[in-house]
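Please look over the chain shown below.

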Amino acid sequence: MAVVPIPRAEAASAEGLLGNAYSWCHNHNPMRRERGNRDSVPNDGRVEIPDLSPVLLVGASGCGKSTFARRHFKATEILSSDQCRGIVSDDENAQEATGDAFDLLRYIARVRLRNGKKVVVDATNVQESARKEMLQLAWQHHVPAVAIVFLFDEAICHKRNETRPDRQFGPHVVRNQTRDLRRSLGNLFREGFRHVYVFRSPEEVETAQVHITPLWPDFKHISGPFDIIGDIHGCWNELQELLEKLGYRIADLGSRSSDLPELSQIDPSSAIPDPRSIALRPDARWRPQTFYEVSHAENRKLIFLGDFVDRGPNTPEVLKLAMSAVATGAGYCVPGNHDDKLMRKLKGKEVRIAHGLAQSLEQLAEETEEFRQSAASFIDALVSHLVLDEGKLVVAHAGLSEDMQGRASTRVRDFALYGETTGETDEFGLPVRYPWAAEYRGKARVVYGHTPVPQPEWLNRTINIDTGCVFGGKLTALKYPEMELVSVSAHEVYAESKKPFLDQAKTELSAQHDLDDVLDLADVFGKRIVSTRLRGNITIREENASAALEAMSRFAANPKWLVYLPPTMSPTETTTKEGLLEHPQEGFSYFREKNVARVVCEEKHMGSRAVVVVCRDAAVATQRFGVATGETGCIYTRTGRRFFENEAIERALLERVATAIGKAGLWEELSTDWMVLDCELLPWSAKAQELLRKQYAPVGASSVAATRATLSVLQQAAAQIEGLEELLDRTAMRKETAVQFVDSYRRYCWSVSKLEDLKLAPFHILATEGAVHADKDHQWHMHTLAHVCGEDPGVLFATPYKIVETEDRESVQSGIDWWEELTGRGGEGMVMKPFQFIHEGPGGLVQPAVKCRGREYLRIIYGPEYTLPANLQRLRKRGLGVKRSLALREFALGIEGLERFVRREPLRQVHECAFAVLAMESEPVDPRL
């Protein structure tokens with residue numbers, strides 16, 4: 001499409017415009033685009049609509065607005081005033097319902113714009129007062145408003161209305177609407193519209209082509225990998241050193257510059273990227289130039305966070321490199337406040353010469369006037385911020401709050417370049433920055449600079465990587481998506497900072513850990529939907545959340561340790577084998593049906609599930625977990641309670657675990673200073689002492705005593721009375737089951753008076769620094785942990801395991817034989833797991849583990865007489881559906897929580913998963929399963 005600027009004077013008159021459909025772009029309105037070409041331009045039928053905007057259809061009744069809307073927009077995007085009248089009054093023509101109808105329309109529009117959805121308002125909109133509130137909504141949500149005007153002859157509208165029974169009103173209505181439209185048409189830009197398209201005939205409407213275009217900051221289709229570089233401020237030597245360290249090759253093209261075609265002339269199919277892909281607006285007037293050839297062997301892309309200029313020794317070369325990277329598609333840039341000020345000065349504006357601008361002007365005076373103007377145009381063309389990688393990454397010089405991300409307005413640009421201040425000044429005379437990052441709750445990671453900090457720290461998914469190179473600090477880059485920081489030290493102090501940031505006292509806790517000292521109830525309470533990688537969205541009911549809140553607030557360990565809660569585990573399906581409720585055959589059959597070829601069978605310990613978080617030392621606990629009490633870890637139950645009341649025993653056990661890990665070389669091998677382990681802690685009585693004393697022991701003692709006394713009486717009676725044999729046999733059997741019940745739980749209990757009386761059996765290395773080990777198979781976990789346990793067999797116990805091929809009968813039989821051997825000598829049974837930690841079958845996620853318990857152990861669970869034929873028959877009807885659904889959801893939540901922690905998400909995001917697991921534990925499920 002040929003675009004030819006029209007003189008401003010001609011554009012000012014609505015009646016003096018060309019007969020074809022046209023669009024206007026205007027400068028003087030609160031919702032204008034960011035800087036660039038805003039001249040009015042003719043349009044040959046192409047209608048460009050920003051992807052996020054309120055679009056007002058403007059025209060008299062009968063001009064075809066509704067037909068146009070249905071043809072070019074989604075039904076969900078269209079808000080019709082007639083339809084809203086119908087919703088509130090059951091009559092689309094009820095004029096007395098107009099007020100309520102427009103209240104409803106504006107409410108829906110507000111919600112859609114807040115959620116990033118386009119709005120098409122199908123109403124007459126011919127008066128300025130009718131458009132005012134929708135333009136106010138556009139301003140509030142930082143999006144450009146669009147007007148599509150249908151300026152038809154009245155006769156056309158009258159003729160169309162005659163065919164519609166619901167539009168039988170006098171000709172004065174259309175006449176008045178057309179008069180109002182013509183009267184206000186020339187003021188549409190003054191009102192605040194960013195685009196205005198006018199159609200003067202039905203033929204123009206028929207040939208119109210609507211194109212939805214992304215807003216300027218929308219680069220979601222570009223995913224990286226990126227190297228994001230903080231404020232450079234003319235530090236050319238340090239920039240070269242950092243780029244070399246990052247693996248970039250920078251070739252100087254010499255004194256000449258390589259000119260590229262004008263942006264408007266670039267062919268999208270050419271080797272040179274199109275204007276949008278180089279982070280410049282399509283209407284930019286910068287002629288791309290290259291002074292350096294920038295490349296990376298792994299095709300990584302640079303992102304410069306602005307403030308290329310001022311204070312440092314070589315602003316021109318930094319600008320040349322940034323311009324070269326952008327021109328060739330090797331990098332992206334956003335402008336900083338210093339760049340913006342330099343640009344305005346180079347364009348002849350009055351600005352105050354301060355904060356290093358004098359050095360930049362002096363250095364640029366050695367360059368040609370052509371370069372100075374090219375640099376000014378380059379900065380002017382840059383977009384305020386970029387939204388990348390499907391919305392997961394936002395880069396802006398001074399950061400950006402969630403409600404402004406991906407939006408385009410003057411206020412957005414001001415925030416992105418200058419940040420937000422409280423209006424106060426500190427003791428150094430500098431503006432006090434508003435702590436937007438501390439309140440940030442967005443999903444995207446925000447990388448920014450602007451205010452120098454001694455060290456970059458993550459805070460609520462935001463990170464400031466301006467480490468004050470020009471003030472003698474460092475020049476820092478963030479590698480994305482790796483989230484690794486790479487820095488080089490300043491070669492010298494080029495400028496003195498008013499605020500001595502390098503001397504700021506380092507507190508014990510990071511900003512994130514300090515903020516996480518107080519958790520917001522709103523982050524966990526009420527009905528919640530938790531998004532997980534493995535299971536999609538998982539819903540937590542409000543009543544379950546209430547139960548979890550009670551448990552967490554009253555009984556839980558320090559929340560900063562609770563990065564993971566283990567899932568429940570389902571048993572195998574019931575077996576029909578005589579005298580048994582569970583048998584391995586059903587477990588192998590389940591996994592075979594789910595296409596699991598190999599199963600790892602682990603001996604099931606009769607202990608208590610324990611999560612062990614262990615750090616190399618107390619400093620690691622402070623730095624990584626935010627626990628500054630001198631602890632080196634925590635051992636807690638699957639419901640988040642501290643395992644030991646005796647802190648000395650816990651401390652000693654953690655020290656033994658950490659030492660064994662060190663002797664096994666695992667700290668170095670896994671490049672970590674902390675570890676989260678999934679374990680069993682034996683004996684069962686170590687945690688279940690009260691349960692034994694108040695429940696199992698009384699039941700066992702009373703059952704044995706009662707049946708023994710009854711049997712004695714019956715034996716005496718049988719010597720004198722005939723027919724008591726059956727009752728005598730049944731009582732003898734009940735006595736035997738009572739004795740077996742007592743013997744069963746006693747096998748798993750022993751006296752614990754010192755640390756060596758405990759046995760810790762770890763079976764999963766859940767997470768270490770930078771990794772969640774769900775990508776490793778179970779054999780890796782068992783083998784690695786066996787090595788650790790071998791370093792301290794006094795308290796650590798390596799879990800025996802066996803690998804079974806589910807399609808091999810002999811292998812399956814060997815697994816069954818092993819189970820019979822384990823249970824025959826009084827063991828609890830075994831846990832059967834897919835060989836891979838996470839296995840996706842034909843129907844989705846497969847159970848991460850099923851347990852198969854022995855006959856005598858189940859006596860503890862179901863009671864002394866569960867093996868009686870009638871009882872077994874009843875128990876075989878138990879349902880496993882709810883239990884297995886819970887197991888899958890809790891497993892997905894557990895992995896999600898660990899992944900969030902490893903990614904250094906805020907504690908509230910990690911807790912969302914742990915809290916959800918605890919909430920799901922209050923689901924009404926048979927606890928014996």
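How many aromatic pairs does a search of the whole structure find? The search finds 21 aromatic pairs; rings of Phe, Tyr and Trp (its six-membered ring) pair if their centres lie within 6.5 Å. This is a predicted model: local features need pLDDT of at least 70, side-chain atom pairs count only at pLDDT 80 or more, and totals for chains, interfaces and linings use all residues. Residues are numbered from 1 along each chain as its sequence is written, and side-chain values use heavy atoms, with hydrogens and water left out.

**Overall make-up**

- The protein chain has 29 helices and 40 strands. Helices (H or I, at least four residues) and strands (E, at least two) are DSSP runs, numbered from the N terminus.
- Of the 929 residues in the protein chain, 55% are buried. Buried means under 20% relative accessible area, exposed over 50%, partly exposed in between (1.4 Å probe, protein chains only).
- Among contacts with a separation of 6 or more, 74% join residues 24 or more positions apart. Contact means heavy atoms within 4.5 Å.

**Aromatic rings**

- A pair of aromatic rings is described by the distance of the centres and the angle of the planes. Planes under 30 degrees apart count as stacked, over 60 as edge-to-face and the rest as tilted.
- Phe-304 and Phe-308 pair edge-to-face, at 6.2 Å centre to centre and 75° between the planes. Phe-304 and Phe-308 are both buried.
- Tyr-590 and Phe-591 also pair edge-to-face, at 5.0 Å centre to centre and 70° between the planes. Both Tyr-590 and Phe-591 are buried.
- Phe-68, Phe-73, Phe-150, Phe-152 and Phe-199 are linked into a cluster by ring pairs.

**An open sheet**

- The order β10-β18-β19-β22-β24-β23 describes an open sheet of 6 strands with mixed pairing. Two strands pair if DSSP finds at least two bridges between them.
- β10 (218-219) and β23 (458-459) are the edge strands; each has a single partner strand, so one side of each lacks a neighbour in the sheet.
- β19 (residues 393-396) and β22 (residues 445-448) are parallel and share 3 bridges. Val-395 has Val-447 as its bridge partner in β22.

**Helix α25**

- α25 (residues 809-824) has 16 residues, which at 1.5 Å a residue should span 22 Å; its end C-alpha atoms are 22 Å apart, in agreement. The expected span is 1.5 Å times one less than the number of residues.
- Its buried residues are Ser-811, Val-812, Gly-815, Ile-816, Trp-818, Trp-819, Leu-822 and Thr-823. Seen down the axis of α25, they fall within an arc of 155°, so they line one face. The arc is that of the directions from the helix axis to the C-beta atoms.
- Exposed residues Arg-809, Glu-810 and Gly-824 sit on the face of α25 turned away from the buried side.
- At the start of α25, a side-chain oxygen of Asp-808 comes within 2.9 Å of the backbone nitrogen of Glu-810.
- Just after α25, Gly-826 has a positive phi of about 95°.

**Strands around α25**

- The buried residues of α25 pack against α18 (584-593), β30 (598-604), β36 (801-805), β37 (829-834) and β40 (850-853).
- In β37, 6 of the 6 residues are buried, so this strand is largely enclosed by the rest of the structure.
- β30 and β37 run antiparallel, joined by 6 bridges. Glu-602 stands opposite Val-831 in β37.
- β37 also pairs with β40, antiparallel over 4 bridges. Here Met-832 stands opposite Val-850 in β40.

Definitions and conventions. A polar contact is a pair of N or O atoms within 3.5 Å; within protein, one must be able to donate a hydrogen and the other to accept it, and residues adjacent in sequence count only if both atoms are side-chain atoms.
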